[in-house]
Amino acid sequence: METAGESHGEALIALLSGVPAGVPVDLEFVNRELWRRQQGFGRGGRMKIETDKAHVLSGVRHGKTIGSPIAIEIVNRDWKNWEEKLPVETGDPSRHQPVESPRPGHADLPGALKYNFPDARYVLERASARESTSRVAAGAFAKLLLRHLGIEVASHVIRVGRVEMNRPAAWEEIVAVTRKDEVLLSCVDAETEARMREEVAECARTGDTVGGVFEVVVHGLPAGVGTYANWDERLDGLLAWAVMSLQAVKAVEIGRGVTAAESFGSAVHDAIHYADQPSERPTRFVRDRNNAGGIEGGISNGENVVVRGYLKPISTLRKPLASVRFDTREATAASYERSDICVVPAAGVAAEAMVAFVIAQQVLAKFGGDSALELKRNYESYLEQIRQY
Ligand code: EPS
């Protein structure tokens, strides 16, 4: 997957190769994923301007993938306000809009130093989480491929600032959250969500921002995807990399990885049983809990894969921290530009896309196939193999 585009440029681009031919493409689904990424209590004014829509330029015909690279364009409606400020050609320098003092926590300062920019405008444009729009568009195609095999990916929010959801969420509850037509903080528990809203509302009042934790769950992935054989093929490592690469994610946890470090082995590892009866799962080896988050030894074990992302608070503060002017070196407040207050639900949607992308890549590496038909045949033959094991 490759992405291109600036936050206030003409459009965002996603390019995805390697999707087999014949995967049914539901554009309404792709656009709903983009819509989901734009939602949440605590998003800023930009989301009122944009209505992100996938304009598929290649790789899909008559409602199915054709095996060719898929190119997607998402137009920035805000571009009309930026054409003169951020032209492709030199334009009128008096119309340009420099970012004059770097925001602590953002890419502004290291980016300006690295690329030798006089201010942080170009840094902001590409480091912005608006880039995750392209990932969500490409990730929607990964989800469509996985759905063809009966594998689903969803997310929910388990913490906003100081407010934590302290009960486990059932898969059906998480799916119900993703289907809502009004997105607040994507918490499965209404009472906890109300307290999360209060946390965000307080930031709106004080000019502050707040982070949190989202949880992505993969349902229906069979045992055997990923491997311990090489360090760079471990499924947990690949997922951690993909989710950590999202803007503002500062830690990634697989299953109960964080609390496992402070517990005894007997309280952490998930005992193995053999079920009396077959179920809809291919294997009768089962667990009564899933602290491992569906991955052991870098391989999926047939339980739900559970990946948590820890998000720092957005670094653009309406009441800015101390900074320094790029031009004069004088002390000043950090630049402020229209921003969000809380983006944990949106980050969860972007993380679903990244998780779906990694799982789809690993599924394709294991089962292969140039067409959806061939992929499914290979996949089902493997399911039969582990059913017979
Ligand atoms: C956006 C994410 C945020 C918003 C951006 C849209 O970007 P950043 O990571 O730079 O804080 O601020 O909106 C704007 C740049 C704007 O003009 O309001 C997103 O996820 O789409």
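Q: Which residue stands opposite glycine 212 in S15?
A: In this predicted model, leucine 311 in S15 stands opposite glycine 212.

Q: What makes S9 and strand S15 (residues 305-311) a pair?
A: Two strands pair if there are at least two bridges between them. S9 and S15 have 7 bridges, so they count as a pair under the cut-off of at least two. The sense of this pairing is antiparallel.

Q: How many bridges join strand S7 (residues 152-160) and S9?
A: S7 and S9 pair over 8 bridges, in the antiparallel sense.

Q: What is the order of the strands in the open sheet of 5 strands?
A: The order is S8-S7-S9-S15-S10, and the pairing is antiparallel.

Q: Why are strand S8 (163-164) and strand S10 (249-254) called edge strands?
A: Each of S8 and S10 pairs on one side only. A pair needs at least two bridges, so that is the test behind the word "pairs".

Q: How do you know that strand S9 (residues 212-219) is mostly covered?
A: Buried means under 20% relative accessible area. In S9, 7 of the 8 residues are buried, and the strand is described as mostly covered.

Q: Why is serine 315 called buried?
A: Serine 315 has a relative accessible area of 15%. The cut-off for buried is under 20%, so serine 315 is buried. Serine 315 is found in the loop between S15 and strand S16 (322-324).

Q: Which residues is serine 315 in contact with, leaving aside neighbours within four places in sequence?
A: Serine 315 is in contact with Arg103, Pro104, Gly105 and His106. Contact here means heavy atoms within 4.5 Å.

Q: What makes a group of residues a nonpolar core, and which members of the largest one touch the most other members?
A: The residues of such a core must be buried, of nonpolar kinds, and joined through side-chain atoms within 4.5 Å. The largest nonpolar core has 89 residues, and Leu146, Phe214, Leu221, Leu239, Val355, Ile359 and Val363 touch the most other members. Helix H11 (residues 344-367) gives the most to this core, with 17 residues. Apart from it lies another core, of 6 residues, including Ala112 and Phe326.

Q: What makes a space a cavity, and what lines the largest cavity?
A: A cavity is where a 1.4 Å probe fits but cannot get out. The largest cavity is lined by 17 residues, and Arg36, Val183, Ser186, Pro345 and Val349 lie nearest its centre. H11 gives the most to this lining, with 5 residues.

Q: How much space lies in the largest pocket, and which residues lie nearest its centre?
A: About 1000 Å³ of space lies in the largest pocket. The lining of the largest pocket has 45 residues, with His106, Ala127, Ser128, Ala129 and Gln247 nearest the centre. Helix H4 (121-127) is among the elements that give two or more residues to the lining. The largest share, 5 residues, comes from H4.

Q: What is the order of the open sheet of 4 strands?
A: The order is S1-S2-S6-S3, with antiparallel pairing. Strand S1 (2-4) and strand S3 (55-58) are the edge strands, as each pairs on one side only. From one strand to the next, the twist averages 20 degrees.

Q: How do you know that S1 and S2 pair?
A: S1 and S2 have 3 bridges. The rule asks for at least two, so S1 and S2 pair. Glutamate 2 has leucine 15 in S2 as its bridge partner.

Technical notes:
Residues numbered from 1 in each chain as written. Predicted model: local features only at pLDDT ≥ 70, side-chain atom pairs only at ≥ 80, totals over all residues. Heavy atoms only, no water. Buried < 20%, exposed > 50% of the residue type's maximum accessible area, 1.4 Å probe, protein only. Axes fitted to C-alpha atoms, helices over the stretch in contact; angles between N-to-C directions. 1 Å grid on protein atoms, 1.4 Å probe; cavity = no way out; pocket = protein on both sides within 12 Å on 5 of 7 lines; lining within 4 Å. Points joined across faces, edges and corners; volume = space filled by probe spheres on them.
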